[in-house]
Amino acid sequence: MSKITLTCSGCSCFCDDIRIEAGSTLKLIENICARGAALFASSRDPARRGRTRVGERDVSLEEAVTEATHLLRYARNPLIYGLGSSTIEAQKTAIEIARRLGAVLDSSLSLGLGEILKSILEKNLPSCSLLDIKDSAGLLVYWGSNPAHTHPRHLSKFTYYCYSDYDPSGWQPKNVVLSSVDIRESEFTSLCRPKFKLKPGGDLAFLEAVLERGDDLPEARQFRELLMKAGFAVVFCGDGLGRSLGGDTNVFCEMVAKANSVEGAKVAVIPMLSEPNLMGLGRELFEETGSVGSVSFAGTVRHGPECSFTEQVKGAVPDVLLCVGSDPYAVFPQALMSRLSQADIICVDSFTTLTSERAAIRITTAVAGLESEGAVLRMDGEKADLTRFSAGPYPAETVVLQRLLEGLG
Amino acid sequence: MTPEMDGLPLTILTYSDIHLDIARQKHGWGDAYQKLAAIVRLSPADMKKMGLADGGAISLRSEVSHIVVEARGEKTIEAGTGVMPASLYTGYLLADVEHMTAAGLSLIGVVAAVSTKAPTPLNEILPGADHE
């Protein structure tokens, strides 16, 4: 039987070499990682998919859309959250819905890497393609990131393990240093030499020391020398760094700029985005509003921490939450989410989640990259196209959002 | 003050755990999720100080919340630190909504003590369940 090639939508690597037997029931999949395999397997489990419903009643898509449109049209303070797993087409439609409603729109970027992504889009941080790295970069630094858990094929497909020349033992690539900066040791950091272990919340102090300010830390000196002598170095930033810096990336940008000022040096930054298409959402929002998230379309477009999901929910501001492909009830503290008890929730998701179980209206959608198609951006900003492997009973997220938009008039 | 308050101060570091993510993706919020989430990894020194063996029950009390989880020793962890996958368990410990920050989601201050109870069942900490 012939095989077809798919792009996996399991994380922001969007691996484009997934091979499946045509017409199969998603068995005998080649090249897929554990995260992607779990996504593919659960897409075939009816218990994980759930049904479209209003309250406890199963309804047609048309009825769910009509009810959702009604809630949104009369919302005083609508909040749209999620979209990190959505295609660019769906993200654009959601932004248009937010504009039409005067809603606040936010994603998980406000929890970690939003400001680093914004600095990249503003050209304050240089970036590069993942395809530029193999056999070229002399230093790979994973900062506040554990790719073994978040992006399982990152090292083998794009970075350390894809290099051509290995040492005689065959275990380690030659001509490249794998390093990490993190607050804890892990199976991943055990591969890194050298590795830099920071105190919790110590990223800013470490950056200052690398810039020869503040305390003189021997580790910072070692890191500075490593970066300056590397030639081409790539820093992969994880949520750990983003959260620790708390939205202020100036010192990090300064460190990268200083490293790049050394003759022959080229330091690039790639965000290890925690949801597959956060790059797509960030870029779309940035082009439309100048911000990658936490945007209010009420009156004049504005953005800032007060428009983040956390701050909006803290103040019990939203009366209607449109949640798309995200599960805030599983991510945010229960004490915070309890402040949404008076809000009506509309959940558009491919799977049953804690949020969908609490939603007044729940619309089950196709899994992008398996049951529906669309465009996405990899973590390095390269475009990828998701294709449809098989038709399912569920509508594409883009179709659902388009109908909501049309329903708003 | 309860006896459990006279415990060991710990900073809990949370991280994204692929095994937990896969359990949630494939099976939702059930036994597999609880088994992987209700675990704290501690330094051997802290395990010894508390008289805990691998698999022993430990209570973690934040300012207003309290859970019981399983303790495991791990030699790479420093004394005074506990490591847990980010989950509903760590979310339950974070109850100071007014001072909640993104960084604060990854670092949680608790007081730890040996417990005789079984790990807190997931259904007691699901959103909507009453906080202490």
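The charged end of R49(A) sits over the ring of F351(A), 5.3 Å from the ring centre. A charge counts as sitting over a ring if NZ of Lys or CZ of Arg is within 6 Å of the ring centre and within 35 degrees of the ring normal. K266(A) lies over the face of F232(A), at 4.4 Å from the ring centre. The model is predicted: local features need pLDDT of at least 70, side-chain atom pairs count only at pLDDT 80 or more, and totals for chains, interfaces and linings use all residues. Residues are numbered from 1 along each chain as its sequence is written, chains are lettered from A and ligands numbered from 1 in the order in which they are written, and side-chain values use heavy atoms, with hydrogens and water left out.

Aromatic contacts were searched over the whole structure. Over all chains, 13 aromatic pairs are found. One of them joins Y81(A) and F309(A). Their ring centres lie 4.4 Å apart, with 45° between the planes, and the pair is tilted. Rings of Phe, Tyr and Trp (its six-membered ring) pair if their centres lie within 6.5 Å; planes under 30 degrees apart count as stacked, over 60 as edge-to-face and the rest as tilted. The Y81(A)–F309(A) pair links distant parts of the chain, 228 residues apart. Y81(A) belongs to strand β5 (residues 78-82) of chain A, and F309(A) to helix α13 (residues 309-314) of chain A. Helices (H or I, at least four residues) and strands (E, at least two) are DSSP runs, numbered from the N terminus. Y81(A) has a relative accessible area of 2% and is therefore buried. F309(A) is buried too, at 0%. Buried means under 20% relative accessible area, exposed over 50%, and partly exposed in between (1.4 Å probe, protein chains only). Elsewhere, W143(A), F196(A), F206(A), F223(A) and F252(A) form one aromatic cluster.

Rolling a probe the size of a water molecule over the atoms shows where empty space is left. The search of the whole structure finds 2 cavities of 30 Å³ or more. A cavity is a set of points, on a 1 Å grid over the protein atoms alone, where a 1.4 Å probe fits but cannot get out; lining residues have an atom within 4 Å of a point. Grid points are joined across faces, edges and corners, and a volume is the space filled by probe spheres set on the points.

The largest cavity has a volume of about 70 Å³. Its lining comprises 14 residues, of which C8(A), C11(A), C15(A), C33(A) and R153(A) lie nearest the centre. By class, this lining has 8 nonpolar, 5 polar and 1 charged residues. Ala, Val, Leu, Ile, Met, Phe, Trp, Tyr, Cys and Pro count as nonpolar, Asp, Glu, Lys and Arg as charged, and the others, Gly among them, as polar. Domain 1 (3-40) and domain 3 (115-271) of chain A both contribute to the lining, so the largest cavity lies between them. These domain bounds come from an automatic or database domain assignment.

The second largest cavity has a volume of about 40 Å³. V210(A), L211(A), R224(A), L227(A), M228(A), M255(A), K258(A) and A259(A) line this cavity. Helices α9 (218-229) and α11 (250-260) of chain A each supply at least two of the lining residues. The lining has 6 nonpolar, no polar and 2 charged residues.

Backbone geometry was also inspected. Most residues other than glycine have a negative phi, and most peptide bonds are trans. The peptide bond from R193(A) to P194(A) is cis, with omega near 0°. P194(A) is found in the loop between β8 (177-182) and β9 (195-197) of chain A. N31(A), although not a glycine, has a positive phi of about 75°. This residue is placed in the loop between β2 (18-21) and α1 (34-43) of chain A. N31(A) is partly exposed, at 38% relative accessibility. N175(A) also has a positive phi, of about 65°, and is not a glycine. N175(A) lies in the loop between α7 (154-158) and β8 of chain A. At 65% relative accessibility, N175(A) is exposed.

In chain B, Y15(B) is found in strand β1 (residues 8-15). Y15(B) is buried, with a relative accessible area of 13%. Y15(B) and S87(B) are 72 residues apart in sequence and 9.0 Å apart in space, C-alpha to C-alpha. K35(B) is found in helix α2 (residues 31-37) of chain B. K35(B) counts as exposed, at 65% relative accessibility.

How values were computed
On a 1 Å grid over the protein atoms alone, a cavity is a set of points where a 1.4 Å probe fits but cannot get out, and a pocket is an open set with protein on both sides within 12 Å along at least five of seven lines; lining residues have an atom within 4 Å of a point.
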